[in-house]
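Visitor: Before we go through some residues, I would like to see the model, and then ask how each label is reached.

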Amino acid sequence: QVQLVESGGGLVQAGGSLRLSCAASGRSFSTYTMGWFRQAPGKEREFVAGTRWSGGRTYYAAYADSVKGRFTMFRDNAKNTVYLQMNSLKPEDTAVYYCAADTTVRSGDPPRDPPKYDYWGQGTQVTVSS
């Protein structure tokens, strides 16, 4: 069983920054594929970013086109934590952001399909005002 707890959401003006954190339990955290997703009212949950372990200390990251160049996902395995640094925020980034863990060791891109992930956090609200 893996527990995920997000924090760091809030209200920010357009152009501002926020950093989300996701603390995870689990003895094999370093091998988990971790993902960030978001869901705006009336919309489906969508992939934002993901990191997949590719052996040793190497991780592969992938981003949605809508956030590429603005958001950065990174992890601190010593703290069992992943982060999502969000810069140049836009009103369309407003959503509940979820952290997710895929405990299956995979190759290729981090999955962008929510059902591929085994565990989910409770979500944290991000609101960007114009």
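Visitor: Why is Gly16 called buried?

Guide: This is a predicted model, in which local features need pLDDT of at least 70 and side-chain atom pairs count only at pLDDT 80 or more, while totals for chains, interfaces and linings use all residues. Residues are numbered from 1 along each chain as its sequence is written, and side-chain values use heavy atoms, with hydrogens and water left out. Buried means under 20% relative accessible area, exposed over 50%, and partly exposed in between, with a 1.4 Å probe and protein chains only. Gly16 has 17% relative accessibility, and therefore counts as buried.

Visitor: Which residues does Gly16 touch, not counting those up to four places away in sequence?

Guide: Gly16 touches Met86, Asn87, Ser88 and Leu89, where contact means heavy atoms within 4.5 Å.

Visitor: Why does Arg38 count as buried?

Guide: Because its relative accessible area is 6%, which is under 20%, Arg38 is buried.

Visitor: Which side chains make polar contacts with the side chain of Arg38?

Guide: A polar contact is a pair of N or O atoms within 3.5 Å; within protein, one must be able to donate a hydrogen and the other to accept it, and residues adjacent in sequence count only if both atoms are side-chain atoms. The side chain of Arg38 has such a contact with that of Glu46 at 2.6 Å, and another with that of Ser66 at 3.5 Å.
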